[in-house]
Amino acid sequence: MAALVVACLGALALPVGGFLLWMYTGPDVDEPRAAADQFVRRLESNDDAAAHESLCRRIRERTDVAAFTAAVERLGRPVSHTMGRAVFTNEAGNNASVTVELTGRTGQTTTLDLRVESEVGWQVCDESFG
């Protein structure tokens, strides 16, 4: 009986371990990380129109620039940021999550896990902004 349990666990460990290895060391996450970084830099420089254009179509269609700016101000406009971990969130490698720590005008920090998708290039598709 114990041998059967060990055999089943061993059979499951290979695909699960392989997926986790692929998720953390698989395709290069530089492009989604760069898209998230550019988006946040635009917020820091008050270029909300350009930041709005960096959003995926679904978010842009339901949120105009004025509503987007209001969302940024509610969240706390960043003055600096630190990029954190980035990982793909699907097997195809066209969705990613990028952790960003934002520092606001008062020094308060907010950590976001920005959802980034590849539509036409990489774009931020995060519900926090729309």
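**View 1. Leu43 and its contacts.** Leaving aside neighbours within four places in sequence, Leu43 is in contact with Asp48, Ala51, Phe68, Val72, Arg77, Pro78 and Phe129. Contact means heavy atoms within 4.5 Å. This is a predicted model: local features need pLDDT of at least 70, side-chain atom pairs count only at pLDDT 80 or more, and totals for chains, interfaces and linings use all residues. Residues are numbered from 1 along each chain as its sequence is written, and side-chain values use heavy atoms, with hydrogens and water left out.

**View 2. The largest nonpolar core.** This core has 25 residues. A nonpolar core is a set of buried Ala, Val, Leu, Ile, Met, Phe, Trp, Tyr and Cys residues joined through side-chain atoms within 4.5 Å. Buried means under 20% relative accessible area, exposed over 50%, and partly exposed in between (1.4 Å probe, protein chains only). Phe39, Leu43, Leu55, Phe68, Leu114 and Phe129 touch the most other members. Two or more residues each come from α2, α5, β1 (78-88), β2 (95-104), β3 (109-119) and β4 (121-124). Helix α2 gives the most, with five residues. In soluble globular proteins, nonpolar side chains tend to be buried together.

View 3. Helix α5 spans residues 65-75, and its Phe68, Ala71 and Val72 are buried. Seen down the axis of α5, the buried residues fall within an arc of 100 degrees, so they line one face of the helix. The arc is that of the directions from the helix axis to the C-beta atoms. Cover for these buried residues includes α2 (30-44) and α3. On the other side of α5, Ala66 and Arg74 are exposed. Just after the helix, Gly76 takes a positive phi of about 110 degrees.

**View 4. The whole chain, for orientation.** The chain holds five helices and four strands. From the N terminus on, they run α-α-α-α-α-β-β-β-β. Helices (H or I, at least four residues) and strands (E, at least two) are DSSP runs, numbered from the N terminus. Of the 130 residues, 37% count as buried. Among contacts between residues at least 6 apart in sequence, 53% join residues at least 24 apart.

**View 5. Confidence along the chain.** The chain averages a pLDDT of 87, and 79% of the residues score at least 70. pLDDT is the predictor's confidence in each residue, from 0 to 100. Among the elements, helix α1 (residues 2-25) has the lowest mean, 55. Helix α3 (residues 48-53) has the highest, 98.
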